[in-house]
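Here is a friendly walk through one protein model, one neighbourhood at a time. Keep the viewer open as you read.

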Amino acid sequence: MIELKTISVYENSKDKIGVSGYHLPDLLDIIKTGKFGIKEKITHLRTLTGEHYKEFKRNFLPMFIGGGDFIYRKHEGLEHYSNILVLDFDWKEEVAHQMRINTFKNYLIENADRLHLFAVWLSPGHGVKAALIHDNTI
């Protein structure tokens, strides 16, 4: 079994120096339970469109980088490489449909063993995120 390493969390997408030492299961728990106001932020984000959506997401939604723990958010700032790859599958606003998104999410779950899938969840916007665990090195 592959050991899950820690990753960094950022206040928003413009934040360059995040907080390191988070484990993916802990972050997924925060998303699932809505701790720290994340549920309210995501609910509000989903009511927005266009530039309002982009601006709110960029400025007010926390983010994490599954690739590792970073001293600062650049390749050169990588302190510890993780074995996590987070994929983001998004649909354009105008074609996003909840049934289509849930069907795709269920497809990923049904094929989890072949994909090395650790977790799958609805993204804050119009899609699905999936965390895959791998044994590659940097």
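## A charge over a ring, and the ground rules

Arg 73 sits over the face of Tyr 10, at 5.6 Å from the ring centre. A charge counts as over a ring if NZ of Lys or CZ of Arg is within 6 Å of the ring centre and within 35 degrees of the ring normal. Tyr 10 is also one of the residues touched by Gly 18, along with Val 9, not counting residues up to four places away in sequence; contact means heavy atoms within 4.5 Å. Gly 18 itself is found in the loop between β1 (7-10) and β2 (19-22). Helices (H or I, at least four residues) and strands (E, at least two) are DSSP runs, numbered from the N terminus.

Please bear in mind that this is a predicted model: local features need pLDDT of at least 70, side-chain atom pairs count only at pLDDT 80 or more, and totals for chains, interfaces and linings use all residues. Residues are numbered from 1 along each chain as its sequence is written, and side-chain values use heavy atoms, with hydrogens and water left out.

## The two sides of α2

Which residues of helix α2 (residues 38-45) are buried? They are Ile 38, Ile 42 and Leu 45, where buried means under 20% relative accessible area, exposed over 50%, and partly exposed in between (1.4 Å probe, protein chains only). These residues cover an arc of only 60° around the axis, so they lie on the same side of α2; the arc is that of the directions from the helix axis to the C-beta atoms.

On the other side of α2, Lys 39 and Glu 40 are exposed. The buried residues of α2 pack against α1 (24-33) and α3.

## Aromatic pairs

The whole structure holds four aromatic pairs. Rings of Phe, Tyr and Trp (its six-membered ring) pair if their centres lie within 6.5 Å; planes under 30 degrees apart count as stacked, over 60 as edge-to-face and the rest as tilted. Phe 56 and Phe 60 form a tilted pair, 5.1 Å centre to centre with 35° between the planes. About one helical turn separates Phe 56 and Phe 60, because they are four residues apart in helix α3 (residues 50-60). Phe 56 is buried, at 15% relative accessible area, whereas Phe 60 is partly exposed, at 45%.

Phe 89 and Phe 104 pair edge-to-face, 4.9 Å centre to centre and with 65° between the planes. This pair links distant parts of the chain, with Phe 89 in strand β6 (residues 84-90) and Phe 104 in helix α4 (residues 98-110), 15 residues apart. Together with Trp 91, Phe 89 and Phe 104 form one aromatic cluster.

## Salt bridges and a buried serine

A search of the whole structure finds three salt bridges, each a side-chain nitrogen of Lys or Arg within 4 Å of a carboxyl oxygen of Asp or Glu. One of them joins Lys 129 and Asp 88, with the closest N and O atoms 3.1 Å apart. Lys 129 lies in strand β8 and Asp 88 in strand β6, so the pair ties together parts that are 41 residues apart in sequence. Lys 129 counts as buried, at 19% relative accessibility, while Asp 88 is partly exposed, at 38%.

Both of these residues are among those touched by Ser 123, not counting residues up to four places away in sequence. Ser 123 lies in the loop between β7 (117-122) and β8 (127-133) and is buried, with a relative accessible area of 2%.
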